[in-house]
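Subject: Structure handover

Hello,

Here is the structure I promised to pass on. Please open it first, then read the notes below it.

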Amino acid sequence: MTSHDKTLTDLTPIDRTAVLDGLTRRPGGGLVATDVSAWFGERKVLDRVGLAMEPGRVTALIGPSGCGKSTFLRILNRMHELIPSASLAGEVALDGEDIYAPGRRITEVRRRIGMVFQKPNPFPTMSIYDNVTSGLKLSGLKTPDKDALVEQCLRRAGLWNEVEKRLRAPGGALSGGQQQRLCIARSLAVSPEVLLMDEPCSALDPTSTRRIEETIGELAAEVTIVIVTHNMQQAHRVSDTCAFFLAEQDTPGRIVESGPTSEIFDNPADPRTADYVNGRFG
Ligand SMILES: Nc1ncnc2c1ncn2[C@@H]1O[C@H](COP(=O)(O)OP(=O)(O)OP(=O)(O)O)[C@@H](O)[C@H]1O
């Protein structure tokens, strides 16, 4: 029998992980937002924002508080529409397909475009193992080997070595940084093409922050990452592309400029970008 003839249960754990890697790892999807505007009630908070978030790269959304970064992020996986007063216009396409097209299933959009929040939010009394697999049922995904998937996701989130001997311990028993990596592992379990991260390190200490940044770097080749951060050094360290948002004098948020991170930081086209990235306001 060759390795191709073996069923998953015949394989060693390491081989199984490799097989599942092949099944679930793929280049991230490209997200393109075109003319996106957003409102809360009558109040317009985003005005015709356009941004291409390229497959397999990290895009950082930067800008002062209240300029609409989180709103834009939530529009990218259809979470904005959960807020009763919220509305929007424009288009968001994942690999060329409009995620707001009539008939498009929201659960499918959210499976393909995952979200990691500011505050780590594992299910605290659920085991580490069950936290990782918790999204599978909701997404209607079947996996031939949960153990291998859990190991693979925890490895990719950079948490495996710290938890492999206590997979049945509750998620709430982990440190804040470990909980955030557990949330990343949970997101990865449903094979997203895009991972949205809303200030994922703002509740963490510097060591945990570094660890998450390493994880982002490792994931970037296979998952398109869009991260909101107030930390300019972090944006500089982790992103390939940066978009600078600004809402001037009670006008809705817009993108002032976007481009390669090195240019946004070292040679921005707009003086407002230079002032912001150099800490002169915001
Ligand atoms: N649920 C909501 N209801 C009404 N207005 C909201 C709601 N959420 C956000 N806003 C408003 O929309 C605007 C954009 O907010 P948003 O949170 O997207 O900005 P942000 O750039 O992410 O800010 P921060 O950096 O402080 O998180 C703000 O003026 C905010 O007050």
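**Starting point: Gly114**

Gly114 lies in strand β6. Helices (H or I, at least four residues) and strands (E, at least two) are DSSP runs, numbered from the N terminus. Please note that this is a predicted model: local features need pLDDT of at least 70, side-chain atom pairs count only at pLDDT 80 or more, and totals for chains, interfaces and linings use all residues. Residues are numbered from 1 along each chain as its sequence is written.

Gly114 counts as buried because it has 23 C-beta neighbours inside 10 Å. The cut-offs are these: buried means 20 or more other C-beta atoms within 10 Å of a residue's own, exposed means 12 or fewer, and partly exposed is in between, with C-beta atoms placed from the backbone. Beyond its neighbours within four places in sequence, Gly114 is in contact (C-beta atoms, placed from the backbone, within 7 Å) with Ser187, Val190, Pro192, Leu195 and Leu196. Gly114 and Leu196 are 82 residues apart in sequence, yet their C-alpha atoms are 6.0 Å apart in space.

**Strand β7**

Leu196 belongs to β7 and stands opposite Met115. Strand β6 (residues 113-116) pairs with β7 in the parallel sense, over four bridges. Two strands pair if DSSP finds at least two bridges between them. Ile113 has Val194 of β7 as its bridge partner.

On β7's pairing with strand β8 (residues 224-228), the two run parallel and five bridges join them. There, Met197 is partnered by Ile227 of β8. β7, helix α8 (residues 206-219) and β8 make a right-handed β-α-β unit. Right-handed means that, with the strands pointing away from the viewer, the path from the first strand over the helix to the second runs clockwise.

Why is β7 largely enclosed by the rest of the structure? Five of the five residues of β7 (residues 194-198) are buried, so the strand is largely enclosed. Both faces are covered: Val194, Leu196 and Asp198 are buried on one side, Leu195 and Met197 on the other.

Six strands form an open sheet with mixed pairing, in the order β6-β7-β8-β3-β9-β10. β6 and β10 (254-260) stand at the edges with a single partner strand each, so one side of each has no neighbour in the sheet. From one strand to the next, the twist averages 15 degrees.

Helix α2 (residues 69-76) lies across β3 (58-62), β6, β7, β8 and β9 (241-246). α2 runs at about 150 degrees to β8. Axes are lines fitted to C-alpha atoms, for helices over the stretch in contact, and angles run from 0 to 180 degrees between N-to-C directions. Seven of the eight residues of α2 are buried, among them Phe72, Leu73 and Leu76. Just after α2, Arg78 takes a positive phi of about 65 degrees.

**The core**

The largest nonpolar core has 69 residues. Such a core is a set of buried Ala, Val, Leu, Ile, Met, Phe, Trp, Tyr and Cys residues joined through C-beta atoms within 7 Å. Leu76, Ala185 and Phe244 have the most contacts inside it. Leaving aside neighbours within four places in sequence, Ala185 is in contact with Val132, Cys153, Leu154, Ala157 and Leu159.

Best wishes

Definitions and conventions:
Contact = placed C-beta atoms within 7 Å.
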